Amino acid sequence: MNHNRKLVIGLCLLYVLFMGSVAIFYFMRDESFKAVVAASGVGCGAIPLLLAFFTKLKFNMPLIVSYLIFLVGSQYLGSILGWYGNGWWDTFMHLISGAILGFAGVALYERLIHREADKHISPWFVFIFVIAFAVLGGVVWEIYEFSSDEFFNQTLQGGGNRDTMIDLIADSGGGLLVAMWSAIRTKIKLKKTVPAY
């Protein structure tokens, strides 16, 4: 088992055990909403564990670490401790989710592109692919929120159009940071592969 896989298993186990303890704590206190959120945290934290045990995937560490940070921020701090009551926390979580989607775009790009082609791909192409992937993810989420509000009488878009636009800007900002990083990384790789004369 390689070092990355061990680290993924360790971090995810830590999160699963923590959220399991939180679920039991709030279940004993008869706070069902917080107990359910914590129990769903166990499920979310177990996803990389299941992938580690039942697949041979090579893990993209920035993606896994940012995913766990997002889970802590959204599930534990946001929903259980009530930080979503602060106006800025939801925006910050969208910034993080934009970065996660950007890392997912990088991982997808690296699995789709032929190894030899990687030596000739423009950093601008990588930049556009990653930011487009992140923004698309943000748009799909906002469609989900809008549809839930329209068809199921939810209140996910608490601030209406303003909330949607702030969320999309934050998603784009997170994706932009990762897109810039991936483009710079691609440029450095290209310089290393260019033969010296």
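This report describes the fold, surface and salt bridges of a predicted protein model.

## Basis of the model

Because the structure is predicted, local features require pLDDT of at least 70 and side-chain atom pairs count only at pLDDT 80 or more, whereas totals for chains, interfaces and linings use all residues. Residues are numbered from 1 along each chain as its sequence is written, and side-chain values use heavy atoms, with hydrogens and water left out.

## Overall architecture

The protein contains six helices and zero strands, in the order α-α-α-α-α-α from the N terminus. Helices (H or I, at least four residues) and strands (E, at least two) are DSSP runs, numbered from the N terminus. The C-alpha trace spans about 70 × 45 × 25 Å along its principal axes.

Of the 197 residues, 36% count as buried; buried means under 20% relative accessible area, exposed over 50%, and partly exposed in between (1.4 Å probe, protein chains only). Among contacts (heavy atoms within 4.5 Å) with a separation of 6 or more, 71% involve residues 24 or more positions apart.

## Surface

The protein exposes about 12100 Å², of which carbon and sulfur atoms supply 71%. Accessible areas come from the Shrake-Rupley method with a 1.4 Å probe; for residues, only the protein chains shown count as cover.

Leu 7, Leu 11, Val 65 and Ile 69 make a nonpolar surface patch of about 280 Å². Patch residues have over 30% relative accessible area and no salt bridge, with nonpolar side chains (Val, Leu, Ile, Met, Phe, Trp, Tyr) joined within 5 Å and like charges within 9 Å. Both α1 and α3 (61-80) supply at least two residues of this patch. Ile 69 is found in α3 and is partly exposed, at a relative accessible area of 47%.

## The loop between α1 and α2

Asp 30 lies in the loop between α1 (3-28) and α2 (32-54). Although not a glycine, Asp 30 has a positive phi of about 65 degrees; its relative accessible area of 69% makes it exposed.

## Salt bridges

Three salt bridges are counted, each a side-chain nitrogen of Lys or Arg within 4 Å of a carboxyl oxygen of Asp or Glu. Arg 29, Glu 31 and Lys 34 are linked in a network: the closest N and O atoms are 3.3 Å apart for Glu 31 and Arg 29, and 3.6 Å apart for Lys 34 and Glu 31.

Arg 185 and Glu 110 also meet in a salt bridge, at 2.3 Å from N to O. Arg 185 lies in α6 (residues 160-193) and Glu 110 in α4 (residues 87-112), so the pair ties together parts that are 75 residues apart in sequence. Arg 185 is partly exposed at 26% relative accessible area, as is Glu 110 at 33%.
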